[in-house]
Structures are given as C-alpha cells and as structure tokens.
Amino acid sequence: MADMTQSQLSILFSQGVITKWKAELDPLNDEWVLCFLVGLSWSYLLDVRRKEVKRFKSFDSVLSALRFVGFDVTELKNCT
C-alpha cells in the first residue's frame, strides 16, 4: 500500500480498513513519523503539500493527527 494523506487515512479508518498505528522517532532529526497498518502493509502519513512523509516535532501533534484519522487515543502503553 502506498503512503497516504490524513484525509485518505480517515476514509479508510471509517471503513474499518486501518487496524493499527505506530509512531516512530527519527533519531537523526528528533522528529516523529506516523505509520498505519492498512490491510497487511504499513503506510506512512504523507504531508499533502510536500508529497513526502509528514514529520512531527512534538508528540502532541502526533496525537492530533491520530484523532483526525479517527483513533480514540486515551492511553499509551509500552507492550514490549
């Protein structure tokens, strides 16, 4: 599956296609990126203007993007 914008991911979430998400910290520039499990493959969230992977400077911004897509984020756990 190709990388997608927030609006595209929101539609897929409402259809039940997206089942999981993960936030990854890029250690080179200390920014977060978001990935979503769409079907059986992971897709990155794209910046609609730049057509490249969207990067977040704060985790609050990550949570806002997740809520926009449709996730009800009320708890985060480290389940390793």
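Student: What does the secondary structure of the chain come to?

Tutor: Two helices and five strands. Their order from the N terminus is α-β-β-β-β-β-α. The model is predicted: local features need pLDDT of at least 70, side-chain atom pairs count only at pLDDT 80 or more, and totals for chains, interfaces and linings use all residues. Residues are numbered from 1 along each chain as its sequence is written, and side-chain values use heavy atoms, with hydrogens and water left out.

Student: What makes a run of residues a helix or a strand here?

Tutor: The DSSP letters do. A helix is a run of H or I with at least four residues, a strand is a run of E with at least two, and both are numbered from the N terminus.

Student: How do you know whether the chain agrees with a compact globule?

Tutor: Set its radius of gyration against the rule. The radius is taken over C-alpha atoms, and the rule is 2.2 Å times the number of residues to the power 0.38. For 80 residues that puts a compact globule near 12 Å; the chain has 12 Å, so the two agree. Along the principal axes, the C-alpha atoms fill a box of roughly 35 × 30 × 20 Å.

Student: Which residues does F71 contact, beyond its neighbours within four places in sequence?

Tutor: F13, I18, K20, W21, F36 and L66. Contact means heavy atoms within 4.5 Å. F71 and T19 are 52 residues apart in sequence, with their C-alpha atoms 9.7 Å apart in space.

Student: What share of contacts in the chain joins residues at least 24 apart?

Tutor: 45%, among contacts between residues at least 6 apart in sequence.

Student: What makes strand 2 largely enclosed by the rest of the structure?

Tutor: Count its residues. Seven of the eight are buried, so strand 2 is largely enclosed. Over the chain, buried residues make up 31% of the 80.

Student: How do you know that strand 1 (residues 18-26) and strand 2 pair?

Tutor: Pairing requires that DSSP finds at least two bridges between two strands. Strand 1 and strand 2 have eight, in the antiparallel sense. In strand 2, C35 is the bridge partner of K22, and V38 is that of I18.

Student: How many bridges join strand 2 (residues 31-38) to strand 3 (residues 41-44)?

Tutor: Four, and the strands run antiparallel.

Student: What is the phi of D30, and where is D30 found?

Tutor: Phi is near 55°, a positive value in a residue other than glycine. D30 is in the loop between strand 1 and strand 2. That hairpin has four residues between the strands. At 55% relative accessible area, D30 is exposed.

Student: How far apart are the mean positions of the positive and negative charges?

Tutor: 3 Å, for 10 positive and 10 negative charges. Lys and Arg count as positive, Asp and Glu as negative; His and the chain ends are not counted. Each charge is placed at NZ of Lys, CZ of Arg, CG of Asp or CD of Glu.

Methods: Buried means under 20% relative accessible area, exposed over 50%, partly exposed in between (1.4 Å probe, protein chains only).
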